[in-house]
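Here is a short briefing on one protein chain. Look over the sequence and the 3D view, then work through the points below.

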Amino acid sequence: VALNNKVLVLLINIGDLFIGVHLLNIAVMDTLVYGNSYCSKRLAWLSSAHCIIMGVISTIGYEMSLAAMTTVSLARFLGLRNGFRVGDEVTRRSVVKITVISVLIVLFSVTIAVVPLIPQLEDLFCKRYDVQTYRE
């Protein structure tokens, strides 16, 4: 149980690190690159590779944190339901189980972040920005 919690908390921390990298990058881009001119350059930013990469990083971070927190909550619920009969010993089976769960969480997070980038699915996920729509 302790190993499971440590690994899942590590996944939450990695997800939060990704979110922090994303937010720091957005702050730097806003302050140093765009300043007061973001509104006039927003279409270029939204269609840039940099923005897409930051979107993938933030989505992976959010999904990884959410999935790991959900797994921790489920494990604790099951522990309560079973009267804490789960032992703290680390066995080969428990290591394999938490490894599989961790890999599934990471794969789920990456899949959710990357699927919208598939060109055949672009119309389902992306709104085309029309310059005329945003003129004042």
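Where does isoleucine 52 lie? Isoleucine 52 sits in helix H3. Keep in mind that the model is a predicted one.

**The chain as a whole**

- The protein chain has five helices and zero strands.
- Read from the N terminus, its elements run α-α-α-α-α.
- Of its 136 residues, 24% count as buried.
- The accessible surface of the chain is about 9700 Å². Carbon and sulfur atoms hold 67% of that surface.
- Take the contacts in the chain with a separation of 6 or more: 82% of them join residues 24 or more positions apart.

**The largest nonpolar core**

- The largest nonpolar core has twelve residues. They are Leu8, Leu11, Ile12, Val56, Ile60, Met64, Ala67, Ala68, Val72, Ile98, Ile105 and Ala113.
- Helix H1 (2-34), helix H3 (49-81) and helix H4 (92-114) each give two or more residues to this core.
- H3 gives the most, with six residues.
- In soluble globular proteins, nonpolar side chains tend to be buried together.

**Alanine 68, a core residue from H3**

- Alanine 68 is in helix H3 and belongs to the largest nonpolar core.
- Is alanine 68 buried or exposed? Its relative accessible area is 0%, under the 20% cut-off, so alanine 68 is buried.
- Leaving out neighbours within four places in sequence, alanine 68 contacts Leu8, Leu11, Ile12 and Ile105.
- Alanine 68 and serine 102 are 34 residues apart in sequence. Their C-alpha atoms are 8.1 Å apart in space.

- Isoleucine 98 has a relative accessible area of 4%, so it counts as buried.
- Which residues does isoleucine 98 touch, not counting those up to four places away in sequence? They are Leu3, Asn4, Val7 and Leu8.
- Leucine 8 lies 90 residues from isoleucine 98 along the chain. Even so, their C-alpha atoms are separated by 8.3 Å.

**Valine 72 and asparagine 5**

- Setting aside neighbours within four places in sequence, valine 72 contacts Asn5 and Leu8.
- Asparagine 5 is in helix H1.
- Why does asparagine 5 count as buried? Buried means under 20% relative accessible area, and asparagine 5 counts as buried because its value is 19%.
- Asparagine 5 touches Val72 and Arg76, with residues up to four places away in sequence not counted.

**Glutamate 63, a buried charge**

- Glutamate 63 is found in helix H3.
- Glutamate 63 is buried, yet it has no salt bridge.
- How far away is the nearest side chain of opposite charge? That side chain is arginine 76, and it is 20 Å away.
- Glutamate 63 touches Phe108, Ser109 and Ile112, not counting residues up to four places away in sequence.

**The nonpolar patch on the surface**

- Ile52, Val106, Val110, Val114 and Leu117 form a nonpolar patch on the surface. Together they have about 330 Å² of accessible area.
- H4 supplies the largest share of the patch, three residues.
- Isoleucine 52, the residue from the opening question, is in H3. Its relative accessible area is 36%, so isoleucine 52 is partly exposed.

- Valine 21 is in helix H1. At 40% relative accessibility, valine 21 counts as partly exposed.
- Valine 21 and serine 58 are 37 residues apart in sequence. From C-alpha to C-alpha, they are 8.2 Å apart.
- Threonine 111 is in helix H4. Threonine 111 is partly exposed, with a relative accessible area of 44%.
- Threonine 111 and threonine 59 are 52 residues apart along the chain. Their C-alpha atoms are separated by 9.8 Å.

Key: Residues are numbered from 1 along each chain as its sequence is written. This is a predicted model: local features need pLDDT of at least 70, side-chain atom pairs count only at pLDDT 80 or more; totals for chains, interfaces and linings use all residues. Side-chain values use heavy atoms; hydrogens and water are left out. A nonpolar core is a set of buried Ala, Val, Leu, Ile, Met, Phe, Trp, Tyr and Cys residues joined through side-chain atoms within 4.5 Å. Buried means under 20% relative accessible area, exposed over 50%, partly exposed in between (1.4 Å probe, protein chains only). Helices (H or I, at least four residues) and strands (E, at least two) are DSSP runs, numbered from the N terminus. Contact means heavy atoms within 4.5 Å. Lys and Arg count as positive and Asp and Glu as negative; His and the chain ends are not counted. A salt bridge is a side-chain nitrogen of Lys or Arg within 4 Å of a carboxyl oxygen of Asp or Glu. Patches are made of residues with over 30% relative accessible area and no salt bridge: like charges are joined within 9 Å, nonpolar side chains (Val, Leu, Ile, Met, Phe, Trp, Tyr) within 5 Å. Accessible areas come from the Shrake-Rupley method with a 1.4 Å probe; for residues, only the protein chains shown count as cover.
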